[in-house]
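Biologist: I'd like to learn how to read side-chain features in a model. Could you walk me through them one by one?

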Amino acid sequence: MASVFLETFGCQMNELDSELVRSQLRSLGHVFTDDWRVADVVLFNTCSVRERAESKAYSRLGIIGQRKKRGEQVILGVLGCMAERDGPSLLRRYPQVDLMCGPGELDRLPMLIDNSFRSERGPAEERVALAGDRTRRSSTLAAAGDDLELLDLGRAFDPDGRDGAPWSAYVRITRGCNKFCTYCVVPNTRGAEVHRPPDHIVEECRRLVDAGVVEITLLGQTVNHYRYTHGVTVDSQGREAPQIGPGLAAFRANALPDGRTTTFAMLLARIHDEVPRLRRLRFLTSYPRDFGVDVLDVLASRPRLCPYVHAPVQSGSDRMLKLMNRGYTIDEYRAFVDRLFERVPDATLAGDFIVGFPTETEEDFEQSLALVRELPFKNNFIFKYSPRPGTVAIGRFEDDVPLAEKKLRNNRMLAVQSETSRRVHRSWVGRTVEMIIERVEATAPGEGVEVAAELDADAGFEPAAGTGAGALRSSRGAGVALSVLGQRSTATRRAHAAESVVITGRTTGDLIVSASASAEADIRPGAIVRVHLEHAEPLLLRGRVVVE
Ligand code: SAM
Ligand code: SF4
């Protein structure tokens, strides 16, 4: 059996895919190593959403190529969105690559690795598993026969298999995307929207909680568009199987549940009610259009559901939204935000913006800035437009905003967001809330921990905090680079020996908190404590743990 190195780029969906790949390969006897220099198999799970993510992965291919040039036996594989987007031409441009596997074909990875071990250099068909345009042609029946579901079902409930914290896990509810925003590669690389059967999802959540997971984040590109119609898609054994999303008509015509359908709101309620030992249930990423009041009512009535909504708006200009094919106007987005806070007053809101989309004028951009000032975004991820092959935008529009101007707009928006974040944080000062501990740090009596953020021009504004080197695990893939001045130890053991500790973590609304605590409290990563919030900064809130 082989030793495998796997590096993940990109979003939470990729992190989850990597975890599932790890489960699958471990169950076949492969072992994982953190050292790419000695691994028999080196795999990169890649991202195509922006050019920068791809450039990083290409440079890794060059480095591994050096090992091959030295005559070392190593199998090099490209997984994920880049494999799907580039197609087999990547094999010609990077002859050191032995295998490629798209995100929709990951269940076939063990076979590809096996083929690579057996034959020095087999034909491309034996080394490549890509959906091509097959996913776009998928019928409901094709999705029913979709073996990718086996990858999710085969998940090992092993805390060590996860990249992040063992007490937190992702669960996929929807794969792919049908929205075709003009700038985005995801519908091409991940295929059509496919919804998993609710029973599979609830069972997966239950098993994760049995394995010690405290917090689950449900994943979908447009997670609130989840909808499963029972009795339509059954496999050969009569079990319910994944099914293609019903399209927009279902949201317009079928506002009331028809007795055969599990909506997103119903799924949230089911998980909450049927997995009572789950402490926190979250979801990413919401699509602002069709965010029903049924979901808001479930959010308001279920205490262990986190009232945190990440709903990217992308631009404050209706003209830009139209060119992006987002399908809503700014007034519709505002109405959605009003409904959110009316029904769930303790909700928090986060988003994404793209700056420098083709033809974006200073006036369009000013409208985005005005929206960041107006709405209570706790944070926004801000991206410079990156033209992506295969998208509608690259063929239709010239990338006419110069890079220097994109960088400038990015930084201007970061500055405005910083003020909005401080304002949102201030509105929480004086309250006592629940927080989940992500890091624990020893500190001598009277000593504080100073946090300094470097606003990377290319990063989204994620008010992240850390008490060790690097940022807290971000609720999104990207984040603000952080350097922490002060204490650097993260060992819980030492924390208990100290007279007091500083903890960092997140509230149910995903607000980052740094709090002092006495060492006697139940202080360990994954524990949930109550904190009194005393001070607001753009990046985080500060407070102290209260023992009630
Ligand atoms: N499905 C989610 C949604 O629609 O909100 C987002 C998924 S996308 C992978 C994450 C974010 O990347 C988007 O919200 C968008 O802001 C950004 N993004 C996608 N394509 C981009 C591009 N070509 N250039 C710059 N940013 C892009
Ligand atoms: Fe991409 Fe738009 Fe789908 Fe999000 S909704 S994944 S931005 S196409």
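Modeller: Buried means under 20% relative accessible area, exposed means over 50%, and partly exposed is in between, using a 1.4 Å probe and protein chains only. Before we go on, this is a predicted model, so local features need pLDDT of at least 70 and side-chain atom pairs count only at pLDDT 80 or more, while totals for chains, interfaces and linings use all residues. Residues are numbered from 1 along each chain as its sequence is written, chains are lettered from A and ligands numbered from 1 in the order in which they are written, and side-chain values use heavy atoms, with hydrogens and water left out.

Biologist: How many aromatic pairs does the structure hold?

Modeller: Rings of Phe, Tyr and Trp (its six-membered ring) pair if their centres lie within 6.5 Å; planes under 30 degrees apart are stacked, over 60 edge-to-face, and the rest tilted. The structure holds 13 such pairs. For Phe 291 and Phe 336 the centres are 5.3 Å apart and the planes at 50 degrees, so that pair is tilted. Phe 291 sits in the loop between β14 and α14 (293-301) and Phe 336 in helix α16 (residues 330-343), so the pair ties together parts 45 residues apart in sequence. Those labels are DSSP runs numbered from the N terminus: helices are H or I with at least four residues, strands E with at least two.

Biologist: Which residues do ring pairs link into a cluster?

Modeller: The cluster takes in Tyr 287, Phe 291, Tyr 328, Tyr 333, Phe 336, Phe 353 and Phe 377. Tyr 328 is buried at 6% relative accessibility, and Tyr 333 is buried too, at 1%.

Biologist: On to charges. How many salt bridges are there?

Modeller: Side chains of opposite charge can pair when their charged atoms come close. The cut-off for a salt bridge is a side-chain nitrogen of Lys or Arg within 4 Å of a carboxyl oxygen of Asp or Glu. The structure holds 45 of them. One joins Glu 215 and Arg 280, at 3.6 Å from N to O. Glu 215 is in strand β10 (residues 215-219) and Arg 280 in strand β14 (residues 280-284), so this pair ties together parts 65 residues apart in sequence.

Biologist: Are Glu 215 and Arg 280 buried or exposed?

Modeller: Both are buried. Now take Arg 239, which bridges to Asp 235 with the closest N and O atoms 3.2 Å apart; Arg 239 is partly exposed, with a relative accessible area of 47%.

Biologist: Last topic, ligands. Which residues come nearest to ligand 1?

Modeller: A residue counts as near if one of its heavy atoms lies within 4 Å. Of the 17 residues around ligand 1, Gln 221, Pro 312, Gln 314, Asp 352 and Ser 386 come nearest. For polar contacts with the ligand, look for N or O atom pairs within 3.5 Å; within protein, one must be able to donate a hydrogen and the other to accept it, and residues adjacent in sequence count only if both atoms are side-chain atoms. An oxygen of ligand 1 is 2.7 Å from a side-chain N or O atom of Gln 314. Taken alone, ligand 1 exposes 560 Å², and the protein buries 94% of that (Shrake-Rupley areas with a 1.4 Å probe; for residues, only the protein chains shown count as cover).
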